[in-house]
Each structure stands twice: as structure tokens, then as C-alpha cells.
Amino acid sequence: MRFAGIDIGSRTIELVVVDEAGQIKAGFQADTGFDPITEAKKIVDGVSFDRIMATGYGRNLFEIAFEAATVTEIKAHAKGARVFFPESNAVLDIGGQDSKAISLFENGRVKKFEMNDRCAAGTGKFLEIMAKTLGYDIEEFGRQALLAAGWHIHLCRRHQVAGAGNLRRLD
Amino acid sequence: MSEDYRSMWADLGLDLAAHDALLGVLGQAYQDIYLAQKNRPEGMGYFDFVMSEVHGLRIKELLDEKALEEKNIPCLRIETDYSMEDVGQLKTRVEAFVEQLR
């Protein structure tokens, strides 16, 4: 038996196929673009599986087109985190357009979750822009932050755009 | 609604028509999905409550009680501007809340 999971996000679509033992047999990624269901159909085309489940903001479009089951990204993250990191008790998802923080019970179920989808400063896109402004690759940015001297500058409490402007003036 | 809050909210500048439109969308989903479930878990009782009262005063009470650990009831707190633009985000939050209860 082969089971597939598809995550239709705001920027990318991921498709993974696993066997009954949970071993990953295949993985694919594509840009979501402006027509998520067409891209989803393309990515699924030719891939063999017995059942598929969808998550991400485009999951309901997929549910209708493929008669698939859906699950929210929050539960999907919780399940996935425990598979790869059995000791974990929290997940932080920095998405392109939102961020999510999820805490887990001992048994792996979702304990609490918070989403920031209201402010651009809480997005992966913001971090990309800040990294570039400071001259870092995004991969390097997090590591550098952890190595920082331990002081922080108050950029802007409210607005990502104003914050970015303030950052440039500080240089 | 157990009390008529309408004049209070209108005085505060709330767009009642937009609010009712949003409730229409969520209310229908609520009926189709949640009310139809057999053996609804306990937390859903308070979802009923929230859907019928649906305002900050009562939600704050629930949160205060939860903070004091007087009651152990799963809670979902929603902020919305009563426009239709955030329906997608609201759906995700509500679905994730239901998944927590199952």
C-alpha cells in the first residue's frame, strides 16, 4: 500500500509518498503559482498511490477535485514532527505568508497552537528581506542570530515595512 | 442570543450586517459539519456558546476561568474584523480546534 500526502501552500506544493512502514518512497515539489489546483493536478499526475490526504491552504480545492480527505497543517505538523523528532514537544512553522507555533502533549497530540497571519512581520518573507538587507543568506541568518552578542534593537513594534526602513537607517 | 447586544455593538461602531454575513457562512459550516457529528466532545458545548454569544465579553470570561484553572475546557479564541477576507484563516483555526477535540 502506498499513502500520499500533499501540502498545497501559498508558495509551494509538496507531495510525498510513503509505504505502509512509513518509509518515504517518493517526493516532489512545485511552485503553487496563481492556480493551485492545476499545479496540484500536474504534480500528482503519474504518481501511484492508494490513498492521498491534503493539507495546506489549498486543501479544500484538492478535496473537491480528488475526493481526498483533509487535515489542517497544524495537525499534520504535529504528526510529522513526532515521526522525525520523537522527543519534540513543539513545532515552529515559518511559512511564506504566516507563522505557526504548535505545542504537543506527551502523546504527540496538539496541545496549543497560535497562528500569525495578520502581520507581514510574522512571515518567512519578512525574514528573507531582513536577511538580504543585512547581507546574509537566509540559511545563515538563523545561525547568526543565535550567535549574536545578546543585545537587540527595537525596530518597530507594529509595522514590517516601517521596521525595514528603520533597519536601513541604522546601518 | 440570551441578551440583545445589538444596540450596544451598533453604538460601538460594529457593522452588524457584515457580522451576520460572516455568521451565516460559519453558521452553515457549523451546522453541516459540527452539529452533524455523533458523540460530540465536551468542548463543542462551548463552541455552541461562542457561536451564539460570539463576543469578547464572554470569551474573556472563559479565558480568565481557564487561566485560573477553574475549568478545563478546550478554548478557541478568534479575532475577526467581520469582513469576509479572513474566512480561510478562520476555517483553519476552527478545523484545527475540532481536530484537537477528536
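## Arg82(A) and its surroundings

Arg82(A) has 17 C-beta neighbours inside 10 Å, so it counts as partly exposed. A buried residue would need 20 or more, and an exposed one 12 or fewer. The model is predicted, and every value here is computed from it.

Arg82(A) is part of helix H3 of chain A. Setting aside residues up to four places away in sequence, Arg82(A) touches Ser88(A) and Gly108(A). Asn107(A) is 25 residues away along the chain, with 9.4 Å between its C-alpha atom and that of Arg82(A).

## Confidence

The predictor assigns the complex an ipTM of 0.71 and a pTM of 0.65. Chain B has an average pLDDT of 67, and 41% of its residues score at least 70.

Over residues 46-54 of chain B, pLDDT stays under 50. The model has nine contacts beyond four places in sequence for that stretch.

## Two chains

Chain A contains six helices and eight strands. From the N terminus on, its elements run β-β-β-α-β-α-β-α-β-β-β-α-α-α. Of its 171 residues, 22% are buried. Among its contacts between residues at least 6 apart in sequence, 43% join residues at least 24 apart.

Chain B has five helices and zero strands. Buried residues make up 9% of its 102 residues. Of the contacts in chain B with a separation of 6 or more, 51% are between residues 24 or more positions apart.

## The five-stranded sheet

One open sheet of chain A has five strands in the order E3-E2-E1-E4-E5, and its pairing is mixed. Strand E3 (24-31) and strand E5 (69-70) stand at the edges. Each has a single partner strand, so one side of each is left without a neighbour in the sheet.

Strand E1 (residues 2-8) and strand E2 (residues 12-19) of chain A pair antiparallel over seven bridges. They form a hairpin with three residues between them. Asp7(A) has Glu14(A) in E2(A) as its bridge partner.

E2(A) also runs antiparallel to E3(A), and seven bridges join the two. Here Glu14(A) is partnered by Gln29(A) in E3(A). This second hairpin has four residues between its strands. In the turn, Gly22(A) has a positive phi of about 85 degrees. Met53(A) stands opposite Ala69(A) in E5(A).

## The three-stranded sheet

Three strands of chain A form an open sheet in the order E6-E7-E8, with antiparallel pairing. Strand E6 (90-94) and E8 are the edge strands, and each pairs on one side only. On average, neighbouring strands of this sheet are turned by 10 degrees against each other, direction ignored.

Six bridges link E7(A) and E8(A), in the antiparallel sense. Lys100(A) faces Met115(A) in E8(A) across this pairing.

Nonpolar side chains tend to be buried together in soluble globular proteins. The largest nonpolar core in this model has 11 residues. Chain A gives Ile74(A), Ala78(A), Ala81(A), Val91(A), Ile102(A), Leu104(A), Val110(A) and Phe113(A). Chain B gives Ala96(B), Phe97(B) and Val98(B). Helix H3 (73-84), strand E7 (99-104) and strand E8 (110-116) of chain A each give two or more residues, as does helix H5 (87-101) of chain B. Apart from this core lies another, of 10 residues, including Ile13(A), Ala40(A), Ala54(A) and Tyr57(A).

Val110(A) has contacts in both chains. Leaving aside neighbours within four places in sequence, its partners in chain A are Ile74(A), Lys75(A), Ala78(A), Ile102(A) and Leu104(A). In chain B, Val110(A) is in contact with Glu99(B) and Gln100(B).

## The interface

Eight residues of chain B are in contact with nine residues of chain A. The side of chain B that touches chain A has one nonpolar, four polar and three charged residues.

Conventions: Residues numbered from 1 in each chain as written. Chains lettered and ligands numbered in written order. Predicted model: local features only at pLDDT ≥ 70, side-chain atom pairs only at ≥ 80, totals over all residues. Contact = placed C-beta atoms within 7 Å. Core = buried A, V, L, I, M, F, W, Y, C linked by C-beta atoms within 7 Å. Nonpolar A, V, L, I, M, F, W, Y, C, P; charged D, E, K, R; others polar. Pairing = 2+ DSSP bridges. Axes fitted to C-alpha atoms, helices over the stretch in contact; angles between N-to-C directions. pLDDT = per-residue confidence, 0-100.
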